[in-house]
Amino acid sequence: MDPISDMIQMTMAILTSPLFLKIAIFPGLTSIAIVAAILTWLDRKVTARVQLRIGPQYASPLGGILQSFADLIKLAFKELIIPERADKLFFVGAPIFGMILAGGLMGLIPFSRETLIANVEVGLPVFLAFLTLSPTLVLLAGWSANSKYPFIGGLRSLFQQTAYEIPLWLSSLGVVMMAGSFNLLKIVDAQSNGWFILPQALGALIFLITSVAEQERLPFDLPEAEPEIIMGWQAEYPGFFFLAAQGTGFIKLYAFSALFSTIYLGGFLGPAPIPPLFWSLLKTFIMAFLVILLRGSFGRVRIDQLLRAGWTILLGLAIANIAITYFLVVGIPTI
Amino acid sequence: MFVVYDVVAMFLFAWALNLRALGSAGTLPVVVFLVVLLIPLTYALNLAGKPENW
(Lines give C-alpha, C1' and ligand atoms only; values in the text may rest on other atoms or scores of the structure.)
Protein backbone atom coordinates (compact mmCIF):
# COMPACT_ATOMS: atom_id res chain seq x y z
CA MET A 1 0.00 0.00 0.00
CA ASP A 2 1.06 3.59 -0.69
CA PRO A 3 2.72 4.96 2.51
CA ILE A 4 0.95 8.33 2.19
CA SER A 5 -2.51 6.80 1.95
CA ASP A 6 -1.56 4.46 4.79
CA MET A 7 -0.65 7.48 6.91
CA ILE A 8 -3.89 9.26 5.97
CA GLN A 9 -5.91 6.17 6.87
CA MET A 10 -4.15 5.88 10.21
CA THR A 11 -4.70 9.59 10.96
CA MET A 12 -8.38 9.29 10.06
CA ALA A 13 -8.70 6.20 12.27
CA ILE A 14 -7.24 8.16 15.20
CA LEU A 15 -9.35 11.27 14.52
CA THR A 16 -12.59 9.29 14.38
CA SER A 17 -11.81 6.97 17.29
CA PRO A 18 -14.18 7.27 20.28
CA LEU A 19 -11.28 8.01 22.65
CA PHE A 20 -10.00 10.91 20.51
CA LEU A 21 -13.52 12.38 20.30
CA LYS A 22 -13.86 12.09 24.07
CA ILE A 23 -10.54 13.88 24.61
CA ALA A 24 -11.17 16.54 21.97
CA ILE A 25 -14.89 17.18 22.45
CA PHE A 26 -16.67 15.74 25.49
CA PRO A 27 -15.78 15.39 28.34
CA GLY A 28 -12.42 16.69 27.11
CA LEU A 29 -10.95 19.93 25.87
CA THR A 30 -13.78 21.66 23.95
CA SER A 31 -16.40 21.04 26.62
CA ILE A 32 -13.99 22.03 29.41
CA ALA A 33 -13.34 25.40 27.71
CA ILE A 34 -17.07 26.01 27.14
CA VAL A 35 -18.09 24.96 30.65
CA ALA A 36 -15.29 27.10 32.19
CA ALA A 37 -16.59 30.11 30.22
CA ILE A 38 -20.18 29.42 31.28
CA LEU A 39 -19.12 29.02 34.93
CA THR A 40 -17.25 32.35 34.71
CA TRP A 41 -20.45 33.99 33.53
CA LEU A 42 -22.53 32.16 36.17
CA ASP A 43 -20.07 33.25 38.88
CA ARG A 44 -20.36 36.90 37.88
CA LYS A 45 -24.12 36.76 37.36
CA VAL A 46 -24.98 34.92 40.59
CA THR A 47 -22.62 37.07 42.69
CA ALA A 48 -24.15 40.19 41.12
CA ARG A 49 -27.68 38.99 41.92
CA VAL A 50 -26.73 38.23 45.52
CA GLN A 51 -25.33 41.77 45.81
CA LEU A 52 -28.46 43.27 44.15
CA ARG A 53 -26.59 44.15 40.96
CA ILE A 54 -27.41 43.07 37.41
CA GLY A 55 -24.08 41.60 36.32
CA PRO A 56 -23.14 40.97 32.67
CA GLN A 57 -26.07 41.82 30.36
CA TYR A 58 -24.99 43.26 26.99
CA ALA A 59 -23.15 40.40 25.27
CA SER A 60 -26.09 38.30 23.95
CA PRO A 61 -29.79 38.72 24.76
CA LEU A 62 -29.62 35.76 27.14
CA GLY A 63 -28.38 37.58 30.26
CA GLY A 64 -24.97 38.44 28.79
CA ILE A 65 -23.94 34.78 28.63
CA LEU A 66 -21.40 35.53 25.89
CA GLN A 67 -19.55 38.05 28.10
CA SER A 68 -16.94 35.50 29.19
CA PHE A 69 -16.30 34.51 25.56
CA ALA A 70 -15.82 38.21 24.72
CA ASP A 71 -13.40 38.52 27.67
CA LEU A 72 -11.60 35.39 26.49
CA ILE A 73 -11.03 36.88 23.03
CA LYS A 74 -9.92 40.20 24.53
CA LEU A 75 -7.40 38.59 26.90
CA ALA A 76 -6.07 36.22 24.22
CA PHE A 77 -5.11 39.16 21.98
CA LYS A 78 -3.63 41.47 24.63
CA GLU A 79 0.07 42.23 24.55
CA LEU A 80 2.14 39.85 26.67
CA ILE A 81 4.28 41.88 29.06
CA ILE A 82 6.61 39.79 31.20
CA PRO A 83 8.28 41.65 34.11
CA GLU A 84 11.96 42.31 33.38
CA ARG A 85 13.23 40.63 36.54
CA ALA A 86 10.85 37.67 36.45
CA ASP A 87 12.14 34.14 36.10
CA LYS A 88 10.62 33.71 32.65
CA LEU A 89 10.54 29.91 32.45
CA PHE A 90 8.57 29.42 35.66
CA PHE A 91 6.55 32.62 35.21
CA VAL A 92 5.25 31.45 31.84
CA GLY A 93 5.15 27.73 32.64
CA ALA A 94 3.26 27.80 35.97
CA PRO A 95 -0.18 29.02 34.76
CA ILE A 96 -0.07 26.95 31.58
CA PHE A 97 0.96 23.77 33.39
CA GLY A 98 -1.68 24.53 36.05
CA MET A 99 -4.37 24.71 33.37
CA ILE A 100 -3.23 21.43 31.78
CA LEU A 101 -3.26 19.79 35.20
CA ALA A 102 -6.77 21.05 35.98
CA GLY A 103 -7.99 19.88 32.57
CA GLY A 104 -6.46 16.45 33.24
CA LEU A 105 -8.75 16.07 36.28
CA MET A 106 -11.77 15.93 33.97
CA GLY A 107 -10.38 12.84 32.26
CA LEU A 108 -10.98 10.86 35.46
CA ILE A 109 -14.64 11.76 35.98
CA PRO A 110 -17.24 9.21 34.79
CA PHE A 111 -20.07 11.33 33.32
CA SER A 112 -21.77 8.08 32.32
CA ARG A 113 -20.65 4.49 31.93
CA GLU A 114 -19.50 5.28 28.37
CA THR A 115 -18.59 8.97 28.73
CA LEU A 116 -15.29 8.50 30.51
CA ILE A 117 -11.80 9.17 29.17
CA ALA A 118 -9.73 7.10 31.62
CA ASN A 119 -11.23 4.41 33.84
CA VAL A 120 -8.36 4.38 36.31
CA GLU A 121 -8.46 1.76 39.09
CA VAL A 122 -7.00 4.34 41.50
CA GLY A 123 -9.08 7.25 40.14
CA LEU A 124 -9.84 9.00 43.43
CA PRO A 125 -6.24 9.14 44.76
CA VAL A 126 -4.99 10.15 41.31
CA PHE A 127 -7.49 13.03 41.23
CA LEU A 128 -6.37 14.19 44.67
CA ALA A 129 -2.68 13.67 43.83
CA PHE A 130 -3.02 15.95 40.77
CA LEU A 131 -4.27 18.61 43.15
CA THR A 132 -1.23 18.19 45.37
CA LEU A 133 0.88 19.70 42.59
CA SER A 134 -1.25 22.82 42.46
CA PRO A 135 0.25 24.71 45.49
CA THR A 136 3.74 24.09 44.11
CA LEU A 137 2.75 25.76 40.85
CA VAL A 138 1.11 28.68 42.64
CA LEU A 139 4.22 29.19 44.78
CA LEU A 140 6.40 28.99 41.66
CA ALA A 141 4.17 31.53 39.90
CA GLY A 142 4.31 33.89 42.89
CA TRP A 143 8.06 33.50 43.41
CA SER A 144 9.03 33.75 39.74
CA ALA A 145 7.25 37.10 39.28
CA ASN A 146 9.92 38.67 41.55
CA SER A 147 7.37 41.02 43.05
CA LYS A 148 6.01 41.49 46.59
CA TYR A 149 2.30 40.82 46.18
CA PRO A 150 2.61 37.70 44.03
CA PHE A 151 5.14 36.26 46.48
CA ILE A 152 2.86 36.92 49.47
CA GLY A 153 0.00 35.34 47.50
CA GLY A 154 2.13 32.30 46.69
CA LEU A 155 3.09 31.81 50.33
CA ARG A 156 -0.51 32.21 51.46
CA SER A 157 -1.55 29.60 48.91
CA LEU A 158 1.07 27.19 50.20
CA PHE A 159 -0.01 27.63 53.84
CA GLN A 160 -3.66 27.32 52.94
CA GLN A 161 -3.40 24.31 50.73
CA THR A 162 -1.14 22.36 53.06
CA ALA A 163 -3.58 22.98 55.93
CA TYR A 164 -6.62 21.87 53.92
CA GLU A 165 -5.19 19.08 51.82
CA ILE A 166 -5.05 16.50 54.62
CA PRO A 167 -8.68 17.01 55.76
CA LEU A 168 -9.63 16.81 52.07
CA TRP A 169 -7.90 13.44 51.65
CA LEU A 170 -9.24 12.12 54.97
CA SER A 171 -12.82 13.24 54.26
CA SER A 172 -12.85 11.28 51.01
CA LEU A 173 -11.53 8.23 52.88
CA GLY A 174 -15.05 7.54 54.19
CA VAL A 175 -16.23 7.04 50.61
CA VAL A 176 -13.43 4.53 49.96
CA MET A 177 -14.34 2.67 53.16
CA MET A 178 -17.98 2.39 52.07
CA ALA A 179 -17.35 1.55 48.40
CA GLY A 180 -14.29 -0.64 48.98
CA SER A 181 -12.68 0.79 45.86
CA PHE A 182 -10.68 3.77 44.55
CA ASN A 183 -12.24 3.42 41.11
CA LEU A 184 -14.72 6.28 40.52
CA LEU A 185 -16.98 4.11 38.36
CA LYS A 186 -17.15 1.47 41.11
CA ILE A 187 -17.82 4.21 43.69
CA VAL A 188 -20.83 5.32 41.60
CA ASP A 189 -22.01 1.70 41.31
CA ALA A 190 -21.71 1.28 45.08
CA GLN A 191 -24.29 4.08 45.45
CA SER A 192 -27.00 2.22 43.53
CA ASN A 193 -28.80 1.51 46.84
CA GLY A 194 -28.40 5.05 48.17
CA TRP A 195 -26.16 8.06 47.72
CA PHE A 196 -23.17 8.37 50.05
CA ILE A 197 -24.17 11.91 51.02
CA LEU A 198 -26.51 10.46 53.68
CA PRO A 199 -24.11 8.18 55.61
CA GLN A 200 -21.20 10.48 54.74
CA ALA A 201 -22.91 13.80 55.57
CA LEU A 202 -20.03 14.93 57.79
CA GLY A 203 -17.42 13.78 55.27
CA ALA A 204 -19.26 15.56 52.45
CA LEU A 205 -19.40 18.79 54.45
CA ILE A 206 -15.65 18.63 55.19
CA PHE A 207 -14.95 17.75 51.55
CA LEU A 208 -17.01 20.74 50.38
CA ILE A 209 -15.26 23.18 52.74
CA THR A 210 -11.77 21.92 51.97
CA SER A 211 -12.40 21.78 48.23
CA VAL A 212 -13.52 25.42 48.26
CA ALA A 213 -10.25 26.21 50.07
CA GLU A 214 -8.26 24.21 47.52
CA GLN A 215 -9.93 26.19 44.75
CA GLU A 216 -8.97 29.45 46.51
CA ARG A 217 -12.53 30.72 46.33
CA LEU A 218 -14.25 32.97 48.84
CA PRO A 219 -14.31 32.72 51.85
CA PHE A 220 -10.85 31.16 51.37
CA ASP A 221 -9.47 33.34 48.57
CA LEU A 222 -6.55 34.65 50.64
CA PRO A 223 -3.92 33.93 47.95
CA GLU A 224 -5.77 36.30 45.58
CA ALA A 225 -7.56 38.66 48.00
CA GLU A 226 -8.07 41.68 45.71
CA PRO A 227 -8.41 44.37 48.44
CA GLU A 228 -5.31 43.13 50.34
CA ILE A 229 -2.74 41.85 47.85
CA ILE A 230 -4.27 42.83 44.49
CA MET A 231 -4.89 39.34 43.05
CA GLY A 232 -1.79 37.94 44.82
CA TRP A 233 0.14 35.45 42.69
CA GLN A 234 -1.79 36.51 39.57
CA ALA A 235 -0.98 40.22 39.95
CA GLU A 236 1.82 40.38 37.36
CA TYR A 237 0.22 38.12 34.74
CA PRO A 238 -0.72 39.76 31.45
CA GLY A 239 -3.33 38.81 28.82
CA PHE A 240 -3.24 35.13 27.96
CA PHE A 241 -1.36 34.08 31.11
CA PHE A 242 -3.94 35.83 33.28
CA LEU A 243 -6.60 34.01 31.27
CA ALA A 244 -4.81 30.70 31.96
CA ALA A 245 -4.56 31.48 35.69
CA GLN A 246 -8.24 32.48 35.93
CA GLY A 247 -9.39 29.65 33.68
CA THR A 248 -7.63 27.12 35.89
CA GLY A 249 -9.79 28.25 38.83
CA PHE A 250 -13.01 27.67 36.91
CA ILE A 251 -11.86 24.33 35.48
CA LYS A 252 -11.09 23.28 39.06
CA LEU A 253 -14.57 24.41 40.11
CA TYR A 254 -16.03 22.21 37.34
CA ALA A 255 -13.78 19.26 38.28
CA PHE A 256 -14.48 19.48 42.02
CA SER A 257 -18.23 19.81 41.45
CA ALA A 258 -18.12 16.77 39.15
CA LEU A 259 -16.08 14.81 41.71
CA PHE A 260 -18.45 15.76 44.54
CA SER A 261 -21.47 14.63 42.52
CA THR A 262 -19.62 11.40 41.63
CA ILE A 263 -18.56 10.36 45.11
CA TYR A 264 -21.45 11.72 47.19
CA LEU A 265 -24.47 12.29 44.91
CA GLY A 266 -24.51 9.06 42.96
CA GLY A 267 -22.78 10.49 39.87
CA PHE A 268 -24.69 9.57 36.74
CA LEU A 269 -27.29 7.46 38.60
CA GLY A 270 -30.87 8.68 38.25
CA PRO A 271 -34.37 7.65 37.10
CA ALA A 272 -34.13 5.62 33.87
CA PRO A 273 -35.92 7.46 31.04
CA ILE A 274 -33.57 10.41 31.34
CA PRO A 275 -30.01 9.66 30.15
CA PRO A 276 -27.26 9.27 32.82
CA LEU A 277 -25.24 12.08 31.25
CA PHE A 278 -28.05 14.52 32.07
CA TRP A 279 -28.08 13.51 35.74
CA SER A 280 -24.34 13.78 35.97
CA LEU A 281 -24.22 17.27 34.45
CA LEU A 282 -27.25 18.43 36.43
CA LYS A 283 -25.66 17.41 39.76
CA THR A 284 -22.33 18.94 38.72
CA PHE A 285 -23.91 22.29 37.86
CA ILE A 286 -25.99 22.32 41.06
CA MET A 287 -22.79 21.81 43.06
CA ALA A 288 -20.98 24.53 41.10
CA PHE A 289 -23.92 26.86 41.72
CA LEU A 290 -23.76 26.18 45.47
CA VAL A 291 -20.02 26.92 45.57
CA ILE A 292 -20.61 30.13 43.62
CA LEU A 293 -23.36 31.11 46.10
CA LEU A 294 -20.82 30.77 48.93
CA ARG A 295 -18.76 33.52 47.29
CA GLY A 296 -21.63 35.94 47.54
CA SER A 297 -22.67 34.86 51.02
CA PHE A 298 -19.52 34.83 53.17
CA GLY A 299 -16.76 37.29 53.95
CA ARG A 300 -13.07 36.41 53.67
CA VAL A 301 -11.53 34.69 56.70
CA ARG A 302 -8.21 35.76 58.24
CA ILE A 303 -5.12 33.64 57.65
CA ASP A 304 -4.84 32.63 61.33
CA GLN A 305 -8.52 31.63 61.44
CA LEU A 306 -8.07 29.66 58.26
CA LEU A 307 -5.01 27.75 59.45
CA ARG A 308 -6.45 27.05 62.89
CA ALA A 309 -9.70 25.73 61.41
CA GLY A 310 -7.81 23.51 58.95
CA TRP A 311 -5.36 21.98 61.41
CA THR A 312 -7.76 21.58 64.35
CA ILE A 313 -11.49 21.53 63.57
CA LEU A 314 -11.47 20.05 60.07
CA LEU A 315 -8.70 17.54 60.73
CA GLY A 316 -10.44 16.44 63.96
CA LEU A 317 -13.82 16.14 62.24
CA ALA A 318 -12.26 14.20 59.34
CA ILE A 319 -10.78 11.67 61.77
CA ALA A 320 -14.13 11.48 63.60
CA ASN A 321 -15.80 10.81 60.25
CA ILE A 322 -13.43 7.89 59.65
CA ALA A 323 -14.39 6.43 63.04
CA ILE A 324 -18.14 6.85 62.34
CA THR A 325 -17.76 5.27 58.91
CA TYR A 326 -15.83 2.37 60.42
CA PHE A 327 -18.75 1.57 62.73
CA LEU A 328 -21.21 1.97 59.84
CA VAL A 329 -19.28 -0.47 57.65
CA VAL A 330 -17.95 -3.04 60.12
CA GLY A 331 -20.39 -2.53 62.99
CA ILE A 332 -19.63 -2.07 66.66
CA PRO A 333 -17.07 -4.75 67.67
CA THR A 334 -18.17 -7.18 70.38
CA ILE A 335 -15.75 -7.81 73.23
CA MET B 1 3.87 18.17 60.02
CA PHE B 2 2.23 18.38 56.62
CA VAL B 3 4.50 15.75 55.10
CA VAL B 4 3.94 13.39 58.02
CA TYR B 5 0.17 13.67 57.78
CA ASP B 6 0.18 13.38 54.02
CA VAL B 7 1.99 10.07 54.39
CA VAL B 8 -0.46 9.05 57.13
CA ALA B 9 -3.31 9.67 54.69
CA MET B 10 -1.65 7.31 52.23
CA PHE B 11 -1.44 4.53 54.82
CA LEU B 12 -5.06 5.12 55.80
CA PHE B 13 -6.16 4.84 52.19
CA ALA B 14 -4.51 1.42 51.95
CA TRP B 15 -6.26 0.37 55.17
CA ALA B 16 -9.65 1.75 54.04
CA LEU B 17 -9.53 -0.22 50.81
CA ASN B 18 -9.10 -3.49 52.70
CA LEU B 19 -11.30 -2.59 55.64
CA ARG B 20 -13.76 -5.50 55.36
CA ALA B 21 -11.03 -8.09 54.92
CA LEU B 22 -8.92 -6.76 57.80
CA GLY B 23 -11.74 -6.44 60.34
CA SER B 24 -11.13 -5.39 63.94
CA ALA B 25 -7.72 -7.10 64.14
CA GLY B 26 -6.35 -4.94 61.33
CA THR B 27 -7.92 -1.81 62.72
CA LEU B 28 -6.18 -1.85 66.09
CA PRO B 29 -2.70 -1.02 64.68
CA VAL B 30 -4.27 1.81 62.66
CA VAL B 31 -5.86 3.25 65.80
CA VAL B 32 -2.52 3.05 67.66
CA PHE B 33 -0.80 4.62 64.64
CA LEU B 34 -3.29 7.52 64.64
CA VAL B 35 -3.07 8.10 68.40
CA VAL B 36 0.75 8.12 68.27
CA LEU B 37 0.62 10.78 65.56
CA LEU B 38 -2.14 12.82 67.14
CA ILE B 39 -0.15 13.35 70.37
CA PRO B 40 2.66 15.36 68.69
CA LEU B 41 0.06 17.19 66.57
CA THR B 42 -1.75 18.31 69.73
CA TYR B 43 1.57 19.38 71.25
CA ALA B 44 2.57 21.28 68.10
CA LEU B 45 -0.77 23.05 67.93
CA ASN B 46 -0.47 23.92 71.60
CA LEU B 47 2.93 25.52 70.90
CA ALA B 48 1.55 27.29 67.83
CA GLY B 49 -1.15 28.87 70.00
CA LYS B 50 1.43 30.62 72.20
CA PRO B 51 2.34 34.06 70.81
CA GLU B 52 5.82 33.96 72.43
CA ASN B 53 6.81 31.17 70.01
CA TRP B 54 6.05 33.25 66.90
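Trainee: Hi! Before we start, what kind of model is this?

Mentor: Hi there! This is a predicted model, so let's treat it as one while we look around.

Trainee: Okay. How many aromatic pairs does the structure hold?

Mentor: Over all chains, the structure holds 19 aromatic pairs. One of them is formed by A:Phe26 and A:Phe111, with 5.4 Å centre to centre and 55° between the planes.

Trainee: Which kind of pair is that, for A:Phe26 and A:Phe111?

Mentor: That pair is tilted. Planes under 30 degrees apart would count as stacked and over 60 as edge-to-face.

Trainee: And where do A:Phe26 and A:Phe111 sit in the chain?

Mentor: A:Phe26 is in the loop between α2 and α3 of chain A, while A:Phe111 is in the loop between α5 and α6. They are 85 residues apart, and the pair links distant parts of the chain.

Trainee: Is A:Phe26 buried, exposed or partly exposed?

Mentor: A:Phe26 is partly exposed, because its relative accessible area is 23% and buried means under 20%. A:Phe111, on the other hand, is at 0% and counts as buried.

Trainee: Which residues form an aromatic cluster?

Mentor: A:Phe91, A:Trp233, A:Tyr237, A:Phe240 and A:Phe241 form one.

Trainee: What does A:Pro27 touch?

Mentor: Leaving aside neighbours within four places in sequence, A:Pro27 is in contact with A:Lys22, A:Ile32, A:Met106, A:Phe111, A:Thr115 and A:Ile117.

Trainee: New topic! Where is A:Gln191, and is it buried or exposed?

Mentor: A:Gln191 is in the loop between α8 and α9 of chain A. A:Gln191 is buried, with a relative accessible area of 1%. A polar atom of the A:Gln191 side chain lies 3.2 Å from the backbone nitrogen of A:Phe196.

Trainee: Which other residues does A:Gln191 touch?

Mentor: Not counting residues up to four places away in sequence, its contacts include A:Thr262, A:Ile263, A:Tyr264 and A:Leu265.

Trainee: What is phi of A:Glu216 near?

Mentor: Phi of A:Glu216 is near 60°, a positive value in a residue other than glycine. A:Glu216 is found in the loop between α9 and α10 of chain A and counts as buried at 6% relative accessibility. A:Ser60 also has a positive phi, of about 90°, although A:Ser60 is not a glycine. That residue is in the loop between α3 and α4.

Trainee: Last one. How do α7(A) and helix α1 of chain B pack?

Mentor: They pack at an angle of about 5°, with their axes 10 Å apart. That makes α7(A) roughly parallel to α1(B).

Trainee: Which residues meet there, in α7(A) and α1(B)?

Mentor: From α7(A), they include A:Thr162, A:Ile166, A:Trp169 and A:Leu173, and from α1(B), they include B:Phe2, B:Tyr5, B:Phe13 and B:Trp15. By class, the contact has 15 nonpolar, 2 polar and 2 charged residues.

Trainee: Thanks, that helps me find my way around!

How values were computed: Residues numbered from 1 in each chain as written. Chains lettered and ligands numbered in written order. Predicted model: local features only at pLDDT ≥ 70, side-chain atom pairs only at ≥ 80, totals over all residues. Heavy atoms only, no water. Phe/Tyr/Trp six-rings, centres within 6.5 Å; stacked < 30°, edge-to-face > 60°. Helix = DSSP H or I, 4+ residues; strand = E, 2+ residues; numbered from the N terminus. Buried < 20%, exposed > 50% of the residue type's maximum accessible area, 1.4 Å probe, protein only. Polar contact = N/O pair within 3.5 Å; in protein donor to acceptor, adjacent residues only side chain to side chain. Contact = heavy atoms within 4.5 Å. Axes fitted to C-alpha atoms, helices over the stretch in contact; angles between N-to-C directions. Parallel < 35°, antiparallel > 145°, perpendicular 65-115°, else oblique. Nonpolar A, V, L, I, M, F, W, Y, C, P; charged D, E, K, R; others polar.
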